[in-house]
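Me: Can we go through this one together, piece by piece? I'll ask as I look.

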Amino acid sequence: MPGAVGRCLPAGRSCHTAVDAKAGDGRALSGRPSPGNCGVRARKSTMTRHHEISPARAAAAAACLAAILFSALSVTASGQLFMPPDMDRLEKAFQQSVTELGPDAPDTLTAKHNLAFAKGASGDFAAATEMLGQVAEQRSRVLGPEHRDTLRSYADQANFLDELGDYVAARDVFSRVLETMSRVHGPDDPVTVGIKNNLALVLINLGEVAAARDMLLEVLEANERAQGENIQETLIVRLNLAYTLALTGDHARARGEYELILEAYEKELGPEAPATLIARNNLATNLDSLGMDAEALAMHASVLESRERVLGFDHPQTIVSRHNLAGIMVKTGDSEGAKELFLSALESETRLYGIDHVMSANTAHALGSIMSSSGETAQAIFFLKLAVVAAQKTRSSMDASDEGTRRSYLSTVSSRYQFLFDQLLKAGRREEALAVLELLKEDEMAELVPTASLAPASPEAGSGDGGPGGNTGAGPPDLFAGTPEEAAREAFLKLVAVEAELAALPDFYTLARGGGAGIYSTTARRVELEDSDEAARKAFKEEMANLAGLLVAPAAPAPSERLASLQAMLAADGGETALIYAVSAPETLHLVVVTPDSVVTRESPYARNDLQRMALDFRATVQDSRKDPRPSGKALYDALLKPVEADLEAAGAKALTLSLDGALRYVPLAALYDGERFLVERYPVSIFTGSTVSGPPPAASGGGASARAMGVTLAWPGFPALPGVGLEIEAIVGSGATEGILPGEGFLDAAFDRAALAGSLASDAPVVHVASHFSLDPSSLDKTELLLGDGSRLTLSELRTSPDFDFAGLDILALSACDTGSGARTAEDGSEVESLGELFQRAGASAVLATLLPVDDTSTPLVMREFYRLRFAEGKNKARALQGAQLLVMQDGNGSSAPKRGTAVAATGRAGGAAAAAPPWEGKGLSHPLYWSPYVIMGDWR
């Protein structure tokens with residue numbers, strides 16, 4: 001017989017909110033899709049009557065009764081928990097049912113389901129998720145995979161996965177359950193409709209608001225068909241639809257919806273029913289969005305007071321109200337009151353979810369932002385570190401997730417890394433700042449490729465001492481270890497632990513009603529814990545005060561292993577190359593110059609948004625040979641390099657390698673203009689990545705080096721012809737009458753297939769040169785494709801995972817393709833530029849020669865031929881060889897004594913466009929940066 005009680009969905013959805021506070025960087029903090037709004041889960045319950053009583057049935061009945069009592073006490077019309085479940089009774093009923101009926105009996109599984117549900121409703125989401133997964137598997141074996149109770153267990157598991165912040169897993173489980181429920185039990189089955197509502201809320205958490213809205217409209221139609229317009233389930237869906245309106249910025253319309261819903265809830269359920277409070281909370285948030293600060297402040301304060309009384313101090317919705325009230329306090333100038341509320345919320349979230357949960361991280365970041373705004377840099381660093389460490393652990397847990405989710409995650413948290421970097425630099429802690437920067441680079445790499453599947457960046461990476469480090473496969477370095485914040489974190493966690501035990505004690509008056517001697521011992525323990533709580537809170541405050549004191553006169557940091565290895569690498573290169581980190585903050589650009597003997601930090605007064613606009617404008621200008629790129633190139637030079645000119649001169653720098661962020665990674669650096677010369681006329685330039693080696697420079701190259709070169713000249717669907725590639729391949733590895741720069745073998749068109757590429761990589765040649773179309777889509781490895789000469793496509797996923805393609809031992813992997821270094825640029829943050837080079841470096845290549853712009857078919861053979869000649873015939877390092885090749889093409893067009901090549905530019909461009917027109921500026925032929933600046937060395941420049 002079926003179980004006595006089958007609960008298809010858990011006790012409602014806790015409210016999820018973004019922190020509606022102004023951060024120290026001047027922007028709204030957003031860790032959730034929308035400020036303060038809450039989505040509500042639908043829920044159904046069923047109960048089957050039984051006609052016989054036996055000891056075994058009595059156990060099942062006890063489980064049923066406990067669940068019913070739990071439902072009555074803990075779930076209101078919104079499905080929100082507001083009284084603790086009778087866990088002891090549920091546990092006892094489950095154990096008795098195991099003894100009497102066996103572990104796989106349907107009634108035993110019902111009791112286990114109810115116990116798991118109670119654990120989750122009490123805040124132990126992890127335990128609930130694990131136990132519900134067990135129940136689902138057992139029910140699948142006993143009842144069948146499509147049985148209603150089996151599907152209910154999976155649905156409940158998905159709800160608690162959502163509470164844990166594992167939105168991808170929650171979405172996947174919900175989707176499978178929804179498909180089965182719709183097929184087996186019908187699309188209008190109440191359980192099917194409830195699951196669709198909850199899936200929509202998970203989609204919102206994943207940023208898929210439009211899909212969620214459409215799904216909620218379907219749920220609303222189903223509810224209205226079945227039950228009419230004003231019943232509870234329909235109101236829940238209308239509330240969630242209003243939520244999507246707020247998410248899309250239609251606050252005026254959302255306000256009207258919330259007011260109608262609130263009126264209905266107050267009439268049907270009363271003014272303090274949890275569903276009523278959700279509607280009032282969301283209305284208050286909309287009033288805030290509409291600029292009605294005083295009304296929003298009063299309403300949020302009222303909701304918080306009611307939730308503390310009705311739901312309890314640590315209930316998730318009560319915590320949300322603290323967030324929302326704190327946010328409006330910041331907006332209205334009450335930063336001190338906001339800090340107290342956020343700190344209280346962080347303590348509650350740490351007790352409920354753990355210090356590394358996404359909710360705790362959001363609150364910690366909000367606190368750090370407020371502290372920064374009020375000049376409390378030391379305290380800000382503590383809370384910002386909590387947020388970044390949590391983000392690292394979240395990223396580690398989603399390494400195997402789909403690419404879209406990783407992109408969404410990174411876009412949410414990348415500013416947190418940059419903000420912590422900013423605060424650490426302000427505190428003079430530059431080595432820790434560089435550690436944070438490298439963690440961000442690691443996350444950007446994980447956006448393209450799950451880092452769990454990548455090789456370590458270097459043996460030195462991940463020092464664990466707070467210094468810069470890469471991915472060692474052992475997890476991210478602990479940003480707290482060995483730093484002043486370590487003691488503060490321990491004090492905070494101790495405070496939370498004491499308060500958690502205090503909160504778990506039974507209420508004094510509840511014990512008094514039951515009688516017994518236990519009253520006095522429990523009271524003594526409460527008094528003891530209250531004393532401990534007071535001492536722990538005092539200790540935490542003292543540690544926070546100590547942080548401020550340490551910041552007044554910070555000790556000089558000892559060089560980290562990673563920084564020491566970087567300086568050693570620069571020294572081994574003759575000390576002529578300077579490494580420049582450029583990190584954009586909301587209002588400034590941070591510059592860190594590393595040389596063998598020094599580390600210098602500077603600030604450039606250019607806001608992140610301005611730099612992004614300047615970078616993209618300059619990029620567009622360089623791509624048009626009719627335009628003069630020097631004015632925009634001068635503006636970017638002034639922002640990026642002028643502030644460190646004196647430092648570079650003092651260090652005797654004769655070459656640059658740069659680590660960039662944001663849209664600066666789209667910039668062809670060689671074409672920056674200092675007012676007199678292009679940058680390439682002053683320095684060889686390369687891009688520094690986290691995988692750039694730190695060992696000794698490679699042996700001097702000689703004439704014995706060989707190459708494997710391959711390319712495509714023909715047009716294929718979606719890709720135009722590249723007629724100049726044949727000349728390019730011949731210039732590198734010429735055969736017969738044509739003399740190439742390097743001995744080796746060329747593969748053109750049909751000869752360039754998978755076997756040719758695999759064989760070339762397996763050879764001893766230090767150079768593999770590919771001239772084709774390479775379409776980089778940062779949203780998916782399977783959408784990023786290299787066009788082979790036989791017309792087939794090779795995805796980046798295959799290049800990365802197939803044993804046929806081994807890049808180990810390559811000195812240079814050249815991707816002389818159309819726009820290989822950058823792809824869709826949907827986010828315009830440039831992360832895919834660096835990640836491409838990083839990926840092939842981690843696969844074994846020393847350096848990647850890529851192109852940042854669609855390159856020209858006339859100039860590319862000239863650049864490549866001269867590059868390989870200088871690298872292998874003259875023994876120049878890779879950066880200087882590229883510089884020489886670029887100068888050759890530039891000076892050729894400017895009337896130098898070099899042979900005139902391609903001055904009449906008539907070939908079809910590598911991008912497949914029309915023939916280029918002569919530039920209207922004073923340069924001639926190929927002197928415009930379009931023809932020589934797109935090429936860039938990524939990785940080991942030596």
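**Strand pairing, cores and a helix**

Reply: Alanine 850 has valine 936 of β16 as its bridge partner. This is a predicted model, in which local features need pLDDT of at least 70 and side-chain atom pairs count only at pLDDT 80 or more, while totals for chains, interfaces and linings use all residues. Residues are numbered from 1 along each chain as its sequence is written, and side-chain values use heavy atoms, with hydrogens and water left out.

Me: Which way do β15 and β16 pair, and over how many bridges?

Reply: Strand β15 (residues 847-851) runs antiparallel to β16, with five bridges between them; strands here are DSSP E runs of at least two residues and helices H or I runs of at least four, numbered from the N terminus, and two strands pair if DSSP finds at least two bridges between them.

Me: And is β16 buried or exposed?

Reply: Five of the five residues of β16 (residues 935-939) are buried, so the strand is largely enclosed by the rest of the structure. Buried means under 20% relative accessible area, exposed over 50%, and partly exposed in between, using a 1.4 Å probe and protein chains only.

Me: Switching to the nonpolar cores: which residues touch the most other members in the largest one?

Reply: Phe382, Phe383 and Tyr581 do, in a core of 119 residues, where a nonpolar core is a set of buried Ala, Val, Leu, Ile, Met, Phe, Trp, Tyr and Cys residues joined through side-chain atoms within 4.5 Å. Helix α16 (residues 377-397) gives the largest share of this core, 11 residues. A second, separate core of 105 residues has Val593, Leu836, Met864 and Tyr935 among its members.

Me: What does phenylalanine 383 touch?

Reply: Leaving out residues up to four places away in sequence, the contacts of phenylalanine 383 include Leu343, Leu346, Met371, Phe540 and Met544, a contact being heavy atoms within 4.5 Å. Phe382, Phe383, Phe480, Phe492 and Phe540 also form one aromatic cluster.

Me: How many aromatic pairs are there in the whole structure?

Reply: The search finds 13, with rings of Phe, Tyr and Trp (its six-membered ring) pairing if their centres lie within 6.5 Å, and with planes under 30 degrees apart counted as stacked, over 60 as edge-to-face and the rest as tilted. One of them joins tyrosine 581 and phenylalanine 688 edge-to-face, at 6.3 Å centre to centre with 70 degrees between the planes. Tyrosine 581 is in strand β3 (residues 577-584) and phenylalanine 688 in the loop between β7 (685-687) and β8 (707-711), so this pair ties together parts 107 residues apart in sequence. Both tyrosine 581 and phenylalanine 688 are buried.
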